[in-house]
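Take a moment to look over the model before reading on. Then follow the text one feature at a time.

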Amino acid sequence: METDVKDIPKKLTRKDFVSDQAVRWCPGCGDFMILANMQKAFAQMDHKKENFLSVSGIGCSSRITYYLDTYGIHSIHGRAIAVATGAKLAKPELNVWVFTGDGDCMAIGGNHFIHACRRNVDLNIIVFNNRIYGMTKGQSSPTTPTGMKTKTAPEGSYENPFNIGEVAIGAGATFFARVPDNDHALMEDVMMQAYHHKGTSVIEVLQNCVIFTDGIHEQITSKDTKHDNQVVLEQGKPIIFGKEKERGLRVNGMKLEAAKIKNGASNVLVHDATEQDSLMHLALAKMQLPEHPVAMGIIRKTDSVSYEKSTHRAIEREVSRSKFKNTSDLFKSGNTWDI
Amino acid sequence: MTEKVLNSEMRKAVVRFSGDSGDGMQLTGDMFSQASGWAGNDLTTTPDFPAEIRAPQGSVGGVSSFQIQIGGTEIYTPGDQVDVLVVMNPAALKANIRILKAGGTIIADSGSFNTRNLKKADYDTNPLEDGSLSEFHVIEAPATSLTKEALKDLGLENAAMSRSKNMFALGVVSFLFSRPLENTIHLLEKKFSSKPLLLEANKLALNAGFSFAESTEVFGASIVIPPAKLPKGTYRNIDGNTAAAWGLLAAAENSGRKLSLSSYPITPASEILHELSARKDMGAIVFQAEDEIAAVCAAIGAAFCGNLSVTTTSGPGASLKSEAMGLAIISEIPLVLINVQRAGPSTGLPTKTEQSDLNQALYGRHGEAPLVVIAASSPDDCFFYSYEASRIAMEHSTPVIMLSDSYLASGTSPWRIPGKGELQDIDIPQFNKPAEEWEPYMRNPEFLNRFWKSPGDAGFEHRIGGLEKKENTGNLTYEPDNHEKMTKIREEKIARIAKRIPEQTVTGAQSGRLLIVGWGSSHGAISTAVSELLEGGEEHIGFTHFNYINPLPQNTEEIFSKFDEIIVCELNNGQFANYLRTKLPQFSYKQFNKVKGQPFFTSEIKAEIINALTT
């Protein structure tokens, strides 16, 4: 909390975060929803406008920095998280957002992703997951489902995809949430919760690419099927889903099971994103169709000191105990002689 | 054995301490350097130790050495050949005998020349006894046994006692060079302040060595090296990596910016990362990244945020950073990359020196990607050039590569601590008008540098990135003419920095027969060779040494035009010579190159010059 700057001169609105650049995504792209929700969420945050920083890598997702009227760095492929880490360490008072895609973040940038999660740098990372390389026109990505045909897997992919939540939580992420690109309220809420979380927050957006993977998330996100195929997690509440909330999750042996709730059943799991033990969070993140509904909302949100806070605490401590007021004191410390 | 070969007064002398990795030779050498500095000598040192953390004991491969040249005159190299060789075991003798001068002195711990150690060093007979060392002056100093004798009342175990024998050797050498022990004892007291028993053991051993040399009169005469005529000031010994780290701290202080260092460990650059990690007490923000790419990218993030931002590495790491350096170039942000070069390609000779990353620094990026390249030429001036790299980066909104190398990184030389106001101010271009009049890629017309605005500066919110920018506005554009114009602006911006760097100077003849050209760390050997020839009456040679590589100093062409012949000396296959051929093609350049993972020897350069003058 201490790193927040809460002296807002004037109330910002969504429009304050709209840049003068024309937005160039394909009509109907899921990225538009993310941009709009991000601008709305930015306007509700307590930071001064000049203390916002957007950092992106390369790919369709990463163009978003040009459309957000904040300080921004459109960096190089895979490296947004590394750039953002350096920025956050340099100026911990900044409100730093990273925009990346499934290729940018999970393939070429995978190393930076896991290390950010491990260190718990206070970054908010939005992964636009459309399960394909869009900008380079249709190659398999690390989240391309097995069996899907792509330009580089014309006979269908035979690779095992990453589950982003599993990687993030496995690497030590203290905040992981998943949202479909068409649920505005949930996305905005999750963005705000990520903002308030002190540490690495990872938000996976199931994003539709109208050109290469149109409808890839439809089974999960469409109006007709979402009640049965999504479970939206709420802190402290039983994990239930279905049109009539008639189904729930319970533990059966060593695994999670989706089942009809019988009258008065007490064995429905109650969600606790704040549990330090990541076992259940991993299980929830990994749920997939058809056996389970796909978990949405905040799967994990645990307390832990952020990396930049630890770094600056150490610096403050060392400066306060330092023998050296300036470089001259340092240079003349130890064994010197005069000529 | 020859008698009394040592002069009582020498202008300069080379001493090499050599023993097993565990014998404490680096510490011994370091303390002798300190005492020599106090005695007013100029000096240069170099360590030489096995790459393995624990090499086999007693083997030639496990020998660790420390070489120092001290002088009453200016000293630029640790010396080609050794006057006094201290050997703590047979392996150390084996490893170093070939660089001992004819008539030189060997101080040997005779007690360690036993059958077992002789066998480990592959000696069939004991060289101290078989006459094979007859051309040298051999002093048998029973360091092991006399140290044990001196320490017998302290109640230490055998192994602990024998660990102090390096101080016995230091005592012997201290006597030989007429150095009183007070300063060395003072150093020991600092070092072992919390370990009184070890302090006592080391003091006793040091005194025992001194007394042994004094009472046995083995040397005939002791040597006096008069103080060198150095500029007045406060001095300390410093190695190149510490000096580079401190130059950055000074630049941060003088510019009023915080220092951010983002690096990944790599030999021989890691000590800069270590030193600044320990300098949290000076406010340094240090990030040990997960890889070289993350390190440079984090540095870019910190630079955008307004800090003096630096990444340090060696050649292989610099390769990994090259894409991101392109981002820093097109974004036009201040960034310092220090490359402590080592012998390559690939893992190459990771602990050995070479100047072979010059091409990489100049050209190793995709696209038209010019940046500033400067190089340090001695351990102590790594301070000045890391300061200069920071100054130029921040004043001219550009990445700067500073080249050091393994030889400078681990060598030491006395450094005169700069007084207040001695370093050039860092004058970051300011934009003092309202934010509405500012555009991200508008420039200071004189030098074409951008105005550095960072998160936290209200009203200046803007985006940077890897895509081509529209002139002034910084908006994205694919316009053909704009790309060409921006390419030329970025090139011209670097070229104009020539106005903000010192002019090149020439030592010796200012015109005439032969110009010797060097750059970076080969300064020591070349300047020593040239000054020895000048002192010998040679009137036809001049020497010019480059620290500013890109851009070149403005008067380079003028200097070159005054000589009949130019020889470029460098530790690679001719990279600087080739660079000069493209920049100043009207001159012809001869090359003198060495690629052995070793610095130049003064004698090699001298021979090359004499050869050039006589053919």
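The paragraphs below go through a sheet, a pair of helices and a pair of domains.

This is a predicted model, in which local features need pLDDT of at least 70, side-chain atom pairs count only at pLDDT 80 or more, and totals for chains, interfaces and linings use all residues. Residues are numbered from 1 along each chain as its sequence is written, while chains are lettered from A and ligands numbered from 1 in the order in which they are written.

Strands (E, at least two residues) and helices (H or I, at least four) are DSSP runs, numbered from the N terminus. Two strands pair if DSSP finds at least two bridges between them.

Strand 5 (residues 175-180) and strand 11 (residues 294-301), both of chain A, pair in the antiparallel sense over four bridges. Phe176(A) has Arg300(A) in strand 11 of chain A as its bridge partner.

Next come two helices. Two packed helices are described by the angle between their axes and the distance between the axes. Helix 1 (residues 31-44) of chain A and helix 7 (residues 184-196) of chain A have axes that come within 9 Å and cross at roughly 50°. Axes here are lines fitted to C-alpha atoms, for helices over the stretch in contact, and angles run from 0 to 180 degrees between N-to-C directions. The two helices are therefore oblique to each other; angles under 35 degrees count as roughly parallel, over 145 as roughly antiparallel, 65 to 115 as roughly perpendicular and the rest as oblique.

Which residues meet? Among them are Met33(A) and Ala41(A) in helix 1 of chain A, and Met187(A) and Met191(A) in helix 7 of chain A.

Finally, turn to chain B. Its domain assignment, automatic or from a database, gives domain 1 (12-216), domain 2 (232-501) and domain 3 (507-614). Twelve residues of domain 1 of chain B are in contact with eleven residues of domain 2 of chain B. Contact means C-beta atoms, placed from the backbone, within 7 Å. Strand 2 of chain B gives the most to the side of domain 1 that touches domain 2, with six residues.

Definitions and conventions:
Contact = placed C-beta atoms within 7 Å.
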